[in-house]
Amino acid sequence: MDAVVHRGSPLAPGHLQSVVDKVRREGYVHLPGVFDVAEVDELREHVDRIFDEQADSGRILEGWAAVRLFEVDQLFRDIIVREPIIGIAEALCGRTCRLIADSLLRNPPGVAVSNWHVDDTVYFPLPEGAPRHDPRLLPVVHLNVAIPLTDIPSVEYGPTQLVPGSHRSGSDPNDADQPTFEGHGAVSMISKRGDIYMHSNQVWHRGAPNESDRTRYFFQLIYGPAWVAQRFYTDINYAIPDHVLDGADEQLLRVLGKPILGVGS
Ligand SMILES: [Fe+2]
C-alpha cells in the first residue's frame with residue numbers, strides 16, 4: 001500500500017477535553033463537518049465497488065453489511081488513524097487504544113437494527129436501588145464512531161437514536177419503544193454527510209427504521225483499550241494480512257494491535 005493519504009487535524013486541547021467530558025457524562029457526542037463532502041462521496045463510491053467486487057469474499061453479510069474494509073481499501077485503512085477520530089478515541093480509551101472492529105451498513109429502506117439495545121451486554125450492572133454510575137469511574141470499553149456517508153436529514157431516513165446518560169444506568173433499556181433515563185428521552189443523530197458522532201456502546205441505542213426511499217450508508221469504527229479483545233469478524237484465528245501493514249506508521253500498527261512494550265497489551 002502507499003503512504004497514508006488523509007490525516008486530518010486533531011482537536012485543540014480545550015475542545016478535545018470538552019468532547020471527552022461530554023462522552024463520559026452523556027455517553028455521546030456529535031461533531032459536525034469533520035470530513036469534506038467530496039471525501040465522503042468518494043468513500044461511498046468505494047463502498048459500492050467493495051460490495052460489487054467482494055460479494056463472494058465472506059466480508060459481505062446478509063447482502064447489506066460489510067466488515068474488514070481496511071483489508072481491501074486504503075481509504076478505509078487510513079481512516080482508522082484519521083484525526084480528530086483517533087485523538088478522541090485515545091483520550092477516552094487510553095494510550096493502548098486499538099481498533100476493535102469496523103463495519104459498513106448499506107441498508108435499503110426497511111432494513112435496520114431497530115430494537116433498543118446496548119452492544120454485547122451490560123458490562124457493569126448495578127444492584128437494585130443504586131441509581132447510576134459515576135461517569136468519572138466508568139471506563140469506555142467500546143467507543144463506537146459513526147461516519148454517515150449519506151445525509152440523515154430527518155427521522156424517516158433512519159438515524160441512530162440514543163438516550164443521553166443511559167450508559168450510566170447499569171441496565172438494559174427500560175422500555176422497548178420509548179426508553180428514558182432520568183427524564184431524558186431519545187435524541188436522533190440528524191446528520192449531514194461529513195458529520196460524525198461517537199457513543200459508548202453501553203448507551204441505549206438503535207438505528208431508527210429507514211422509512212425514506214434512500215439507501216443509508218453508514219460506516220462505523222469501534223475502538224477500545226488493549227485489554228478488550230479485537231473482533232475482526234468472522235474468522236477464528238484471524239490474522240491481519242501483511243499487505244495491510246505495509247507502509248503503516250507506528251500509530252497505525254499500534255491501533256491495529258501491536259503491543260507497546262512495558263504498557264501491557
Ligand atoms: Fe448497537
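First, the burial rule I used: a residue is buried if 20 or more other C-beta atoms lie within 10 Å of its own, exposed if 12 or fewer, and partly exposed in between, with C-beta atoms placed from the backbone. This is a predicted model, so I note that local features need pLDDT of at least 70 and side-chain atom pairs count only at pLDDT 80 or more, while totals for chains, interfaces and linings use all residues. Residues are numbered from 1 along each chain as its sequence is written.

**Entry: D249**

I looked up D249 and found it in the loop between α5 (242–245) and α6. Helices (H or I, at least four residues) and strands (E, at least two) are DSSP runs, numbered from the N terminus. D249 has 12 C-beta neighbours inside 10 Å, so I logged it as exposed. I also checked D249 against A66: their C-alpha atoms are separated by 25 Å, and the two are 183 residues apart along the chain.

**Entry: Y123**

Is Y123 buried or partly exposed? I got 16 other C-beta atoms within 10 Å, so Y123 is partly exposed. Y123 sits in the loop between β4 and β5. Leaving aside neighbours within four places in sequence, Y123 is in contact (C-beta atoms, placed from the backbone, within 7 Å) with V141 and Q202.

A reminder to myself: in soluble globular proteins, nonpolar side chains tend to be buried together.

**Entry: α1 on α4**

How do α1 and α4 cross? The axes of α1 (residues 13–26) and α4 come within 10 Å and cross at roughly 55°. I took axes as lines fitted to C-alpha atoms, for helices over the stretch in contact, with angles from 0 to 180 degrees between N-to-C directions. Angles under 35 degrees count as roughly parallel, over 145 as roughly antiparallel, 65 to 115 as roughly perpendicular and the rest as oblique. α1 and α4 are therefore oblique to each other. L16, V19, V20 and V23 of α1 meet G87, I88, A91 and L92 of α4.

Definitions and conventions:
Two residues are in contact if their C-beta atoms, placed from the backbone, lie within 7 Å.
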